[in-house]
Amino acid sequence: QSWYPLIPIQPDGDRAPLFCVHPVGGSVFCYTALSESLGTAHPVYGLQACGLEAGEQPLTRIEELAAAYIEAIRTVRPQGPYRIAAWSLGGTIAFEMANQLQAQGEQIELLALFDSLAPLPTYQLQADELTLLATFAGDLMGGAELKQPQEAIKGEDHALQLLQQQLPFPIELDSLKRLWEVFKANIDAYTTYRPITYGGDLLLFRSDAAGAPDHGWKQLITGEVQVIQMQANHYNMLQQPHVQSVADAIADR
């Protein structure tokens, strides 16, 4: 089948659906526990990146990603108000979606971000390919590092082969390479994105990492930025037991 971004994680329920944008890796499995914690009354859909399947090419601009995802969510909810959430780099795509929808006259009822950094020059990742590969590996392994000194890695193919051997789940090398291409495309899209100010509110769930309390979002948001400090790290905040408090806060809103 041709690529279609909308993934029904839990499509049942009578509430307005929550649309969850993929993080940098492109897939939406990370939202399963959140959906389970919200319960069967809250429909949850994921927005998955293009490029994860053979023959697909990743989209390369935040504006392009946002427009494609808006078109997809309108197939199940033609009009707002909309509820949008995203983890990590997906927060920038969700932010752009909220801006585009608002420009189209739609109401954003909820924009919730999970440990997302604002798309500001302060947070842009400028790194060589091996450093990016190390970040990619850590993303797949929940923050762990490759068991190999970086100076001993002999290029991209060697690094991906080492990562394939160390992952806690089986994956074909071709699939891993596609994940890597999606990761790079999303990083490039984030780095080249030039945001405009959003005239709405933001609910930000922040991990226990160092840095600005609002992750820079108050520079881009004219409405209220509510920050919920989590006693969790970037990788486990959407897993139990932490995700239940995230679900409860979203349900309250």
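Is glutamate 156 buried or partly exposed? Glutamate 156 is partly exposed, with a relative accessible area of 23%; here buried means under 20% relative accessible area, exposed over 50%, and partly exposed in between, with a 1.4 Å probe and protein chains only.

The structure is a predicted model, in which local features need pLDDT of at least 70 and side-chain atom pairs count only at pLDDT 80 or more, whereas totals for chains, interfaces and linings use all residues. Residues are numbered from 1 along each chain as its sequence is written, and side-chain values use heavy atoms, with hydrogens and water left out.

## Salt bridges

A salt bridge is a side-chain nitrogen of Lys or Arg within 4 Å of a carboxyl oxygen of Asp or Glu. The count under this rule is five.

| Pair | Closest N and O atoms |
|---|---|
| Arginine 74 and glutamate 106 | 3.0 Å |
| Lysine 184 and glutamate 156 | 3.8 Å |
| Lysine 184 and glutamate 181 | 3.3 Å |

Arginine 74 forms a salt bridge with glutamate 106. This pair links distant parts of the chain, 32 residues apart: arginine 74 lies in the loop between α2 (62–73) and β4 (82–87), and glutamate 106 in the loop between α3 (90–103) and β5 (108–114). Helices (H or I, at least four residues) and strands (E, at least two) are DSSP runs, numbered from the N terminus. Arginine 74 counts as partly exposed because its relative accessibility is 24%, while glutamate 106, at 16%, counts as buried.

Lysine 184 forms a salt bridge with glutamate 156. That pair also links distant parts of the chain, with lysine 184 in helix α6 and glutamate 156 in helix α5 (residues 155–166), 28 residues apart. Lysine 184 also forms a salt bridge with glutamate 181. Both of these residues lie in helix α6, three residues apart, or about one turn of the helix. Within it, lysine 184 counts as buried at 19% relative accessibility, whereas glutamate 181 is partly exposed at 36%.

## Helix α5

The 12 residues of α5 should span 16 Å at 1.5 Å a residue, and the end C-alpha atoms are 17 Å apart, which agrees; the expected span is 1.5 Å times one less than the number of residues. The buried residues of α5 are Ala159, Leu160, Leu162 and Leu163. They lie on the same side of α5, because they cover an arc of only 160° around the axis. This arc is that of the directions from the helix axis to the C-beta atoms.

## Pockets

On a 1 Å grid over the protein atoms alone, a pocket is an open set of points where a 1.4 Å probe fits, with protein on both sides within 12 Å along at least five of seven lines; lining residues have an atom within 4 Å of a point.

The largest pocket holds about 690 Å³ of space. It is lined by 23 residues, and the closest to its centre are Ser27, Phe29, Cys30, Leu140 and Phe169. Helices α4 (129–140) and α6 (173–192) each supply at least two residues of this lining. The lining of the largest pocket divides into 13 nonpolar, seven polar and three charged residues.

The second largest pocket holds about 540 Å³ of space. Of its 22 lining residues, the closest to the centre are Ser88, Leu89, Leu117, Thr135 and His234.

Note on methods:
Grid points are joined across faces, edges and corners, and a volume is the space filled by probe spheres set on the points. Ala, Val, Leu, Ile, Met, Phe, Trp, Tyr, Cys and Pro count as nonpolar, Asp, Glu, Lys and Arg as charged, and the others, Gly among them, as polar.
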